[in-house]
Amino acid sequence: AAHAAGPFDGTYRGSQTTLRSNNSSACAHLDRDTVVVQVVGNSFTRTWGSGKYGGEKITVQIGADGSFRSEVVATQNAGRQRSQSYAMSGRIAGGVLEGEIGSSLCAVRMTLRKS
């Protein structure tokens with residue numbers, strides 16, 4: 001299905017830096033110099049976390065003011081029914097996407113510029 005182009009649509013490139021970490025292997029090596037996000041129809045998806053299926057997809061819809069927020073709950077270790085909440089939030093303004101993605105265990109801050 002074709003999406004109508006939104007005012008925030010485009011490719012955003014930049015980096016992410018660690019905001020918090022519990023120093024576990026799952027929270028290691030979070031800093032990245034090259035992060036690319038493709039916004040289509042004022043929406044985008046990032047994958048966060050690790051696990052049997054490679055992480056959880058978090059999709060956000062960008063509001064008219066440029067803000068976005070979404071949260072997913074993933075069940076880990078199904079036998080023990082442990083769950084973890086992953087969230088992504090932020091804003092796009094002046095061609096810059098700034099946001100946070102992560103959990104209570106570890107999170108990063110993204111700063112990406114529209115290219």
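Good morning. The structure shown above is a predicted model, and I shall begin with the chain as a whole before turning to single residues. The protein chain has 0 helices and 8 strands. Read along the sequence, its pattern is accordingly written β-β-β-β-β-β-β-β.

Of its 115 residues, 37% are buried. The chain exposes about 6800 Å², and carbon and sulfur atoms supply 47% of that area. Among contacts with a separation of 6 or more, 45% are made by residues 24 or more positions apart.

Let me turn to the disulfide. How many disulfides does the count come to? The count comes to 1 disulfide. The bond is formed by C27 and C106, whose sulfur atoms are 2.3 Å apart. These two cysteines belong to distant parts of the chain, 79 residues apart. C27 sits in the loop between β1 (10-20) and β2 (32-39), whereas C106 sits in the loop between β7 (96-102) and β8 (107-114). The angle about the S-S bond is -75°, and the link is left-handed.

Are the two cysteines buried or exposed? C27 has a relative accessible area of 4% and is buried. C106, at 6%, is buried as well. Both values fall under 20%, the cut-off for a buried residue, and therefore both cysteines are placed in that class.

What separates G14 from L112 in sequence and in space? They are 98 residues apart in sequence, yet their C-alpha atoms are 4.1 Å apart. Setting aside neighbours within four places in sequence, G14 is in contact with D33, T34, V35, T111 and L112.

The other residue is T17, also found in strand β1. T17 and M110 are 93 residues apart along the chain, and 6.7 Å separates their C-alpha atoms. With neighbours within four places again left aside, T17 is in contact with D31, A107, V108 and R109. The relative accessible area of T17 is 42%, so this residue is partly exposed.

I now move to S43, in strand β3 (residues 43-48). At a relative accessible area of 18%, S43 is buried. Where does the side chain of S43 reach? It reaches the backbone oxygen of V60, at 2.9 Å.

My last topic is the salt bridges. A search of the whole structure finds 4 of them, and I shall discuss some of these. One is formed by D65 and R91, with the closest N and O atoms 3.6 Å apart. D65 lies in the loop between β4 (56-61) and β5 (67-76), and R91 lies in strand β6 (residues 82-93), so the pair ties together parts that are 26 residues apart in sequence. Both partners are partly exposed: D65 has a relative accessibility of 48%, and R91 has a relative accessible area of 40%.

Another salt bridge joins the side chains of E98 and R109, at 3.9 Å from N to O. Here strand β7 contributes E98 and strand β8 contributes R109, and the two residues are 11 residues apart. R109 also meets E100 in a salt bridge, at 3.8 Å from N to O.

As for their accessibility, E98 counts as partly exposed at 36%. E100 is partly exposed at 33%, and R109 is partly exposed at 30%.

We have examined a predicted model of a chain with 0 helices and 8 strands. The disulfide of C27 and C106 links parts of the chain that are 79 residues apart. The side chain of S43 reaches the backbone oxygen of V60. Thank you for your attention.

How values were computed
Residues numbered from 1 in each chain as written. Predicted model: local features only at pLDDT ≥ 70, side-chain atom pairs only at ≥ 80, totals over all residues. Heavy atoms only, no water. Disulfide = S-S within 2.5 Å. Helix = DSSP H or I, 4+ residues; strand = E, 2+ residues; numbered from the N terminus. Buried < 20%, exposed > 50% of the residue type's maximum accessible area, 1.4 Å probe, protein only. Contact = heavy atoms within 4.5 Å. Polar contact = N/O pair within 3.5 Å; in protein donor to acceptor, adjacent residues only side chain to side chain. Areas by Shrake-Rupley, 256 points an atom, 1.4 Å probe, with all protein chains shown as cover.
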